[in-house]
Structures are given as C-alpha cells and as structure tokens.
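User: I have not looked at this one before. Can you walk me through it?

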Amino acid sequence: MTSETGTSTGDATLRRRIQPWEFEVFFDPRELRKEACLLYEIKWGRSRKIWRNSGQNTSKHVEVNFIEKFSSERQCCPSVSCCITWFLSWSPCWECSKAIREFLSQYPNITLVIYVARLFYHMDQQNRQGIRDLINSGVSIQIMTSSEYGHCWRNFVNYLPGEEAHWPRYPPLWMMMYALELHCIILSLPPCLKISRRCQRQLTFFSLNFQNCHHQMILPHTLFAMGMIQPSVTWR
C-alpha cells in the first residue's frame, strides 16, 4: 500500500519495488537503453489481490525469464482465470513473441495485456509480424501513456516520502509517435517512424515518413486523435 508519505516499511511489496532512477532510465521513451525491464501484475479469478513484481534481462530476455519463472512456481487450475498485465520498457522481439504464444497455448485460462514504452527494432519485419501474431492470438498490446506511467510509479517504485505524484512527465509526443507506429504495424503498413542517434551528444531523434499507403489506410481522425494533424488538414 502506498501513500503521499512514501512507501511504508511495512509494505509487503517494498522488497519487490525498483528505485526511482531505475524506472527513469528503463522507461524513458526518449532513451534507447539496451537492457529491458518488466513490471508485472497477476490477478487470479475474482480475487481482489494483485501480485506485483519486476524483472530484467539476464542471459535471456525478460519475457522468457517471466515465462520460465511462472511455469516453475505456479500451478494454474484450468477452471480459474488469470489476468496478467505487463509493463515492458521494450516491446517483445519476434522470438519472445513466439515464446509468449506458446506459453499462452499451454495456459488457455490466462489473459495477457502488454503495455510497452518503446518498440523494439520496429523496422525489422520479423518483429513487426511477431507483434501482429500476438495480437491475433488475443494479446492486447498498447503504448504506455501518462496513465500507465503514473500507475507504475505508484505501485512498482520505491519513491521517497511525499513524491507519490512526482513520477516523470515524459513529453506525450514520443508516446504518440510510438502509438502511430504500432498502428502501422497492426495494419501491416511500412514503418512511418524513423529513429536516429547522434552519437557525439547521445541525442535521440524521431521523425515521421508518411507514404501514400499510410495516407490511404490510416483514417484522418486517428491521426488527429494522436495530435499528428490539425483538423483542417486533408490528404491528397
């Protein structure tokens, strides 16, 4: 349980919480940190209790580590539903997407919802297909918004007293760009988001490259809702 006075020393989740600096370096959508971090919630049946924990890459990707840990420690009753929510700093690669689908096929009572801060090598066609395969198998994949960042800060971070509401406010434009690119992936469109690094100053640059197929298949109201176009703009 958390409060405006900070996380309590009696909080049962305290030892499973990450430090504020870890949350910031892993989940900043502007940074392309190599390592991945996973924050997750598990809820069984109609129980109001939620189990929370975190994980990072080892010699294996964090998604595979979760699957192996869950399979070895948990006994799933087919008659009891289980809802798992992941907050990932990177979207799954195509190999992890395949492992996730195999995992879910073994546990049909599990519902998986995934929020991601960034898209992993989003121009790679195998990774794009892996995301589509996950969605087609019933997995919900969304880009993290301010709501998810605030939720993760309050429930997964060992913040200092009085800093419950002081979670990082990242510029929404980066979230919108990733959301637009995820939309393109789902529609099987070519990439529209380009990411480049200026190594000397470690700056990350995002740019959009719309093609005719994007204009034709992405509805204008979708672009408007993401803040990408103004109401008066029309495509030709």
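This is a predicted model: local features need pLDDT of at least 70, side-chain atom pairs count only at pLDDT 80 or more; totals for chains, interfaces and linings use all residues.

User: Start with H3 and H4. At what angle do they cross?

Analyst: Helix H3 (residues 94-106) and helix H4 (residues 125-136) cross at roughly 20 degrees, and their axes come within 8 Å. Angles under 35 degrees count as roughly parallel, so H3 is roughly parallel to H4.

User: Is that crossing left-handed or right-handed?

Analyst: The crossing of H3 and H4 is left-handed.

User: Which residues meet there?

Analyst: From H3 there are Trp94, Ser97, Ile100 and Arg101. On the H4 side they meet Gln126, Asn127, Gly130, Ile131, Asp133 and Leu134. By class, the residues of this contact are four nonpolar, four polar and two charged.

User: What about H4 and H6, how do they pack?

Analyst: The angle between H4 and helix H6 (residues 172-186) is about 75 degrees, with the axes 9 Å apart. Angles of 65 to 115 degrees count as roughly perpendicular, so that is the description for H4 and H6.

User: And which residues of H4 meet H6?

Analyst: Arg128, Ile131, Arg132 and Ile135 of H4 meet Glu181, Leu182, Cys184, Ile185 and Ile186 of H6. That contact has six nonpolar and three charged residues, with no polar ones.

User: Now H1 and H5. Are they roughly parallel or antiparallel?

Analyst: Roughly antiparallel. The axes of helix H1 (residues 20-27) and helix H5 (residues 146-156) cross at roughly 150 degrees and come within 11 Å. The cut-off for roughly antiparallel is over 145 degrees, which is why the term applies.

User: Left-handed or right-handed, this time?

Analyst: H1 and H5 make a right-handed crossing.

User: Which residues are in contact?

Analyst: H1 contributes Pro20, Phe23 and Phe27, and H5 contributes Tyr149, Cys152 and Trp153. The contact has six nonpolar residues, no polar ones and no charged ones.

User: Switching topic: how much space is in the largest pocket?

Analyst: The largest pocket holds about 450 Å³ of space.

User: How many residues line the pocket, and which lie nearest its centre?

Analyst: The lining has 18 residues, and those nearest the centre of the pocket are Arg33, Trp90, Leu119, Phe120 and Tyr121.

User: How does the lining divide by class?

Analyst: The lining of the largest pocket has nine nonpolar, four polar and five charged residues.

Definitions and conventions
Residues are numbered from 1 along each chain as its sequence is written. Side-chain values use heavy atoms; hydrogens and water are left out. On a 1 Å grid over the protein atoms alone, a cavity is a set of points where a 1.4 Å probe fits but cannot get out, and a pocket is an open set with protein on both sides within 12 Å along at least five of seven lines; lining residues have an atom within 4 Å of a point. Grid points are joined across faces, edges and corners, and a volume is the space filled by probe spheres set on the points. Ala, Val, Leu, Ile, Met, Phe, Trp, Tyr, Cys and Pro count as nonpolar, Asp, Glu, Lys and Arg as charged, and the others, Gly among them, as polar. Axes are lines fitted to C-alpha atoms, for helices over the stretch in contact, and angles run from 0 to 180 degrees between N-to-C directions. Helices (H or I, at least four residues) and strands (E, at least two) are DSSP runs, numbered from the N terminus. A crossing is left-handed if the near helix is turned anticlockwise from the far one by less than a right angle, and right-handed if clockwise. Contact means heavy atoms within 4.5 Å.
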